Amino acid sequence: MDLNDLTPVEEHNGILYKRDDLYCPYGENFVSGGKVRQCRDLILSNMKHIQENCDNTIATAASIASPQSVIVSRVAQEFGMKSIIGFGNTTIEKAKKQKAMLWCEEMGSELVVLSESQGFNNVLYANLDKLQKERKFFKVLFGYAVTNNRSSIIGRIAEQVQNVECDTLYVPLGSGMTFTGILEGVKQYNKKFRVVALQPFGYDRRKEIHCNLSQMTWEYDYEYHMGDYPYHKLHKVDAGFDMDMIYESKAWEMMKEQINIFEKSCFWIIGNSNSIR
């Protein structure tokens, strides 16, 4: 499946599903979905700059269980680049007990402890900036890439809205990047369906979403619901196919509490990272 191809919309038990998890260029047994598409497009769009000015190296910082790290590591491997995977609040040996970190090392990434005592993103990102003053590399932080690489981070998601037709679209929400792209796609393709964000855990992301929208916030119409699910607890549901047990499955349960059986409802599957859990 090419970067430009639309992932399908399927029906299971009366509910439509936008199967962006079926974007799996690295196979069904690897992390799949929109984040993989965004990262591949980001690197392809900056390939010459990375090769000539960044020592042919890409780097990211995330928690040791984050799919972001394995995505960056695998994309680097695909394009013959070096990669640095940063994390915090643990040691390299302890980090490698997580499947995600072990995979990164096996794919040739350099594992770097950015903070011995803290694993918060703001600390990791600040220390990655410090490391960049000492070494050349291209940073891959999806939220921070919006300003200079909007087509890769937002545009690639917006395009996927084209083949969605429903009364209400329900969207799982983590960082809000995918949701931002969907809102842009709704405007771009003049879609008339209702859009509902389902955030199963974490702090309210609306401020970040509004900052990344291309137009004034009142020009975008959506609903926003927050849950209190625990992040690390895996949650399995029976939707007719395998669904990510950290994000989608919990958001799916939230949708089931709100769904109108007389409407045509669609649930957006962002991706699947069960392979590293």
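Helices (H or I, at least four residues) and strands (E, at least two) are DSSP runs numbered from the N terminus; buried means under 20% relative accessible area, exposed over 50%, and partly exposed in between (1.4 Å probe, protein chains only). This is a predicted model, in which local features need pLDDT of at least 70 and side-chain atom pairs count only at pLDDT 80 or more, while totals for chains, interfaces and linings use all residues. Residues are numbered from 1 along each chain as its sequence is written, and side-chain values use heavy atoms, with hydrogens and water left out.

**Helix 10**

- Helix 10 spans residues 248–258, and its buried residues are Glu248, Ser249, Lys250, Ala251, Trp252, Met254 and Met255.

- Phenylalanine 138 is in contact (heavy atoms within 4.5 Å) with Leu42, Ile43, Asn46, His49, Ile50, Cys54, Thr57, Ile58 and Ala59, when residues up to four places away in sequence are not counted.

**Helix 1 against helix 3**

- The axes of helix 1 and helix 3 (lines fitted to C-alpha atoms, for helices over the stretch in contact, with angles from 0 to 180 degrees between N-to-C directions) come within 10 Å and cross at roughly 45°.
- Helix 1 and helix 3 are therefore oblique to each other, given that angles under 35 degrees count as roughly parallel, over 145 as roughly antiparallel, 65 to 115 as roughly perpendicular and the rest as oblique.
- On helix 1, the residues involved are Lys35, Val36, Cys39, Arg40 and Ile43, and they meet Ile71, Val72, Val75 and Glu78 of helix 3.

**Helix 1 against helix 7**

- The helix 1 and helix 7 axes come within 8 Å and cross at roughly 140°.
- This angle makes helix 1 oblique to helix 7.
- Gly34, Arg37, Gln38, Asp41, Leu42 and Ser45 of helix 1 meet Ser151, Ser152, Ile153, Arg156 and Ile157 of helix 7.

**Two buried residues**

- Isoleucine 85 lies in strand 5 and counts as buried, with 0% relative accessibility.
- Leaving aside neighbours within four places in sequence, isoleucine 85 is in contact with Thr60, Ser69, Val72, Ser73, Met101, Cys104, Ser109, Glu110, Leu111 and Val112.
- Between isoleucine 85 and valine 113, the sequence separation is 28 residues and the C-alpha to C-alpha distance is 8.6 Å.
- Glutamine 160 is located in the loop between helix 7 and strand 8 and is buried, with a relative accessible area of 0%.
- The residues that glutamine 160 touches, not counting those up to four places away in sequence, are Asp5, Leu6, Thr7, Lys18, Asp20, Arg37 and Trp268.
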